Amino acid sequence: LYDELERISSLAKGKVGICALHLESGKQIGLNLQEKFPMASTVKVAIAVQLFTLIEKGQLSLTTMTELQPSDLHPGSGTLETLFAKPGVQLSVQNLLELMMVISDNSATDILLRLVGGTDAVQKRVKALGINGMSVDRTIIQLIADLEGVTLPPPNQWTLGFFAKLDSATTPEMKRAAAIKIKNDPRDTSTPEAMVNLLTQIYQAKAISSDSRALLLGVMERCRGGQARLKGFLPPSTVVAHKTGSLYGSATDDVGIITLPGDAGHIAI
């Protein structure tokens, strides 16, 4: 199996990192297990863990309503941008969770990130679980800006149009330099082993409760992205609770839990 993983990875146009753990037996295999890779939107799994941690403590609720502000609208999926026809739109925490995990809406993600205490709170929760090798450092909009070589405007000047204007003013050379910098940036990265550690603790109801796990994995089973990634060569009936991530040519990710057929168990990958 290891030889086959090496053969497949040699066909990729870049470095491949993989960790696969059979949750029932503890058997593990992988490539570049300890190397850090950009998480892109797979960081949203860690954000969801912090969210459910606060819900279980009674500090947040899935029914908590949040009113969207113009500064909350960030590039990515466009769903909230479409919904935000006029001021006064409110969404529940559960609405935001669904948008973040199912269609990877970046606006919903940054709103939730603010509600759960920011990147520092997410990083603290990851560390409290004993997970090393995962670093949560920036909001999604800051990550996008850094990738595009754009300096974010202050919140009181923020509009999607203003950001688009700044983005269009960056030259191709600036964007190439920014993309190279992202690839070598240790921020917002994870080793394959650290990500599987987080997935394992979710499945084992250590990171969050069993009720929270059922809700989170149910949402992840409906992830609409990455049909040619983890799910790509599996039988259509295979249950995969996953979260994809893409960084505009710098990284292509997919992480999740695969339910094997015939009561053969589960793989965190």
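How many salt bridges does the structure hold? The structure holds 12, a salt bridge being a side-chain nitrogen of Lys or Arg within 4 Å of a carboxyl oxygen of Asp or Glu. Please keep in mind that this is a predicted model, where local features need pLDDT of at least 70, side-chain atom pairs count only at pLDDT 80 or more, and totals for chains, interfaces and linings use all residues. Residues are numbered from 1 along each chain as its sequence is written, and side-chain values use heavy atoms, with hydrogens and water left out.

Lys175 forms a salt bridge with Glu148, with the closest N and O atoms 2.7 Å apart. Because Lys175 lies in helix H9 (residues 172-183) and Glu148 in helix H7 (residues 140-148), the pair ties together parts that are 27 residues apart in sequence; helices here are DSSP runs (H or I, at least four residues), strands likewise (E, at least two), numbered from the N terminus. Lys175 also forms a salt bridge with Asp167, at 2.5 Å between the closest N and O atoms. Glu148 is buried at 17% relative accessible area, whereas Lys175 is partly exposed at 25% (buried is under 20%, exposed over 50%, partly exposed in between, with a 1.4 Å probe and protein chains only).

Elsewhere, salt bridges link Arg138, Asp146, Asp185, Arg187 and Asp188 in a network. Within helix H1, Arg7 and Glu4 sit three residues apart, about one turn of the helix, and they form a salt bridge with closest N and O atoms 2.8 Å apart.
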